Amino acid sequence: MKASRPPRRAVAAADRTRQPTEVRRRLIAEAAVPLIAERGYGSVGVRDVAAAAGVSVGTVTYHFGSVQEILSEAMVLHIEGYYAALSRAAEAATSGVEALRLLVDALFTEDTDRHWRMWFEYWNAGEQDPDQPFARGQADRYRDWHDQIRALAVRAVTDGDADCADPDGFTVRFAALADGLALQRLRQAPSLTTRDARRHLNRLIETELIPRRPRPATPRD
C-alpha cells in the first residue's frame with residue numbers, strides 16, 4: 001500500500017514565476033503603494049506588504065532589508081511616476097500658459113487625493129528619520145518640481161503669450177499654493193472642492209502671467 005502524499009500547498013502566481021530581482025522588488029514596492037495611501041506610512045508592516053504582493057514574508061525580507069526600505073521605495077515609485085505623467089502632459093501643450101492650466105487640472109481631480117496623501121506621508125517620514133536615503137532625495141525631487149513650474153512660466157514669456165515680472169517668485173507661490181490647497185482638500189477644514197482648488201491656482205496664473213496684447217498694426221506708407 002502506497003503512503004498517501006501530503007497535500008500540495010498552493011503557490012502564489014508571483015512565486016511560480018522566477019523574475020529578476022529588480023522586477024520582484026518593484027512588484028513588492030508597487031503593492032505597498034495603496035497600503036500607504038489607505039493606512040499611512042507608520043501603519044504598514046512586512047506581513048501586510050507580503051499579503052498585498054501575493055508572496056511570502058521570506059520573499060519580502062529577501063529583497064528588502066526593512067519595512068522602511070520597502071515603504072520608501074514604494075513612495076518614490078508613486079511620486080516619480082505621478083510627476084512624470086504631469087511632465088508629459090505639460091510638454092504636449094501648445095503653450096506655456098496652456099501647460100500650466102493642464103498642470104492645475106491634473107493636480108486636482110477626484111482621483112488625486114491618494115497622491116496628495118502619499119506626498120504628505122513622504123515628507124512626514126523624512127522629517128521623522130532624516131538619515132533615510134529617500135529623505136535625503138526629497139530636496140532634489142522638490143527642486144525638480146520647482147524647475148518644471150518655472151520652465152513653463154518662462155516658456156509662456158518666450159512664446160509671447162504672457163509677461164511675467166518674477167518667474168522665480170511665481171514658482172514659489174504656485175508650488176506653495178498647490179501644497180496648501182492639497183492639505184486643505186485632504187483635511188476638509190474648511191471644506192474645499194477640487195473645482196475651487198483649481199480656481200484658486202488658475203487665478204494665480206491669471207494674476208501673475210499677464211496676457212500680452214497684440215501690437216497695433218503699423219500704418220503703411
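Start by selecting helix H6 (residues 96-107) together with helix H11 (residues 194-208): the two pack at an angle of about 165°, and their axes lie 9 Å apart. Angles over 145 degrees count as roughly antiparallel, so H6 is roughly antiparallel to H11. Keep in mind as you look around that this is a predicted model.

H6 passes H11 in a right-handed crossing.

Next, show side chains at the contact. On H6, pick Leu-100, Arg-101, Val-104, Asp-105 and Leu-107. On H11, the partners to select are Arg-198, Leu-201, Asn-202, Ile-205 and Glu-206.

From here, move to the loop between helix H10 (167-187) and H11, where you will find Pro-190. Select Ala-189 along with Pro-190 and look at the peptide bond joining them: this bond is cis, with omega of about -5°.

For the last stop, stay in the loop between H10 and H11 and select Gln-188. What is the phi of Gln-188? Its value is near 55°, which is positive in a residue other than glycine. Is Gln-188 buried, partly exposed or exposed? Gln-188 counts as partly exposed, because its relative accessibility is 35%, and partly exposed covers the range between under 20% for buried and over 50% for exposed.

How values were computed
Residues are numbered from 1 along each chain as its sequence is written. This is a predicted model: local features need pLDDT of at least 70, side-chain atom pairs count only at pLDDT 80 or more; totals for chains, interfaces and linings use all residues. Side-chain values use heavy atoms; hydrogens and water are left out. Axes are lines fitted to C-alpha atoms, for helices over the stretch in contact, and angles run from 0 to 180 degrees between N-to-C directions. Helices (H or I, at least four residues) and strands (E, at least two) are DSSP runs, numbered from the N terminus. Angles under 35 degrees count as roughly parallel, over 145 as roughly antiparallel, 65 to 115 as roughly perpendicular and the rest as oblique. A crossing is left-handed if the near helix is turned anticlockwise from the far one by less than a right angle, and right-handed if clockwise. Contact means heavy atoms within 4.5 Å. Buried means under 20% relative accessible area, exposed over 50%, partly exposed in between (1.4 Å probe, protein chains only).
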